[in-house]
Amino acid sequence: MVPSFAAFQLLLLIGFLSSGSESLRFDLQSGHTKCISEDIKQNAMTVGKYHVVNPNEAQPLTDDRKLVVRVTSTTGNTFHYSDKVESGQFAFVAGEGGDFMTCFWVPDHKPPVTLTVDFDWRTGVAAKQWSSVAKKGDVEAMEFELQKLFETANSIQEEMYYLREREEEMQDLNASTNTKMTRLSFLSLFVCLSVAGLQIWHLKTFFHKKKLI
């Protein structure tokens with residue numbers, strides 16, 4: 001039977017590999033904002049593409065059907081910003097880890113309009129543009145597949161190291177908590193014994209004054 005922590009690692013690994021790519025389509029009304037978050041590790045590469053779906057491809061999009069897009073980190077640093085665009089893309093290596101937020105906003109307009117937005121966000125291995133790497137005649141199919149497997153294995157190894165570090169941090173935290181609890185228990189015992197001793201001393205003094213003993 002697989003140990004519980006190993007099972008936890010496997011589940012996180014499956015989640016890591018499956019959550020590396022997020023492609024979605026959503027509707028956004030003018031005057032409203034929609035934000036999408038992605039948990040990105042430090043030094044991981046991330047790539048995003050977005051565009052407004054044109055309901056009438058024969059005509060260009062008007063200004064009331066354009067977006068304001070901003071990508072920020074947990075600490076509020078801006079990694080991408082575009083103002084009144086119908087499409088765009090971003091790519092960067094995360095200098096810090098945590099939840100990154102991509103927010104889409106449509107300026108207010110009367111009468112209100114509703115935009116349909118396609119958004120593709122890839123992180124880690126999924127962010128590698130393998131289709132542009134594997135140019136026809138440059139590499140053979142087997143070399144290309146091996147290169148993909150090598151990158152995937154490296155990502156899995158990095159994730160395992162990350163999980164191991166988190167496990168060690170949890171163990172250190174548990175050890176520190178146990179030490180503090182032990183010290184607190186001894187301190188509580190000392191206080192209780194001190195209070196009991198003071199009470200006994202006070203009673204003995206009282207009885208001596210009253211000449212009861």
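D118 and R25 form a salt bridge, meaning a side-chain nitrogen of Lys or Arg within 4 Å of a carboxyl oxygen of Asp or Glu, and here the closest N and O atoms are 2.5 Å apart. This pair ties together distant parts of the chain, with D118 in strand β8 and R25 in strand β1, 93 residues apart. Helices (H or I, at least four residues) and strands (E, at least two) are DSSP runs, numbered from the N terminus. D118 counts as buried because its relative accessibility is 16%, while R25 counts as exposed because its value is 55%. For these words, buried means under 20% relative accessible area, exposed means over 50%, and partly exposed lies in between (1.4 Å probe, protein chains only).

Before going on, a word about the model itself: it is predicted, so local features need pLDDT of at least 70 and side-chain atom pairs count only at pLDDT 80 or more, whereas totals for chains, interfaces and linings use all residues. Residues are numbered from 1 along each chain as its sequence is written, and side-chain values use heavy atoms, with hydrogens and water left out.

Now let us step back to the whole chain. The chain holds 3 helices and 8 strands, and along the sequence they follow the pattern α-β-β-β-β-β-β-β-β-α-α. Of its 213 residues, 23% are buried. Contact means heavy atoms within 4.5 Å; among contacts between residues at least 6 apart in sequence, 74% join residues at least 24 apart.

Next, look among the strands. In soluble globular proteins, nonpolar side chains tend to be buried together. A nonpolar core is a set of buried Ala, Val, Leu, Ile, Met, Phe, Trp, Tyr and Cys residues joined through side-chain atoms within 4.5 Å. The largest such core has 22 residues, of which F26, L67, F90, F104, F119 and W121 touch the most other members. Strands β1, β2, β3, β4, β6, β7 and β8 each supply at least two residues of this core, and β8 gives the most, with 4 residues.

Returning to charged pairs, a search of the whole structure finds 5 salt bridges. Another one of them joins K41 and E159 (3.1 Å, N to O). K41 is partly exposed because its relative accessible area is 25%, whereas E159 is buried at 6%. D63 and K66 also meet in a salt bridge (3.6 Å, N to O); D63 is exposed at 62%, and K66 is buried at 19%.

Finally, follow helix α3, which spans residues 141–209 and includes V195. The UniProt record, in an unreviewed entry, places a "transmembrane region" at residues 184–203; such annotations may be inferred rather than shown by experiment. Over residues 184–203 the chain is 100% helix, with end C-alpha atoms 28 Å apart. V195 counts as partly exposed because its relative accessibility is 41%. Together with M181, L184, L187, F190 and V191, V195 forms a nonpolar surface patch with about 580 Å² of accessible area. Patches are made of residues with over 30% relative accessible area and no salt bridge, where like charges are joined within 9 Å and nonpolar side chains (Val, Leu, Ile, Met, Phe, Trp, Tyr) within 5 Å. Accessible areas come from the Shrake-Rupley method with a 1.4 Å probe, and for residues only the protein chains shown count as cover.
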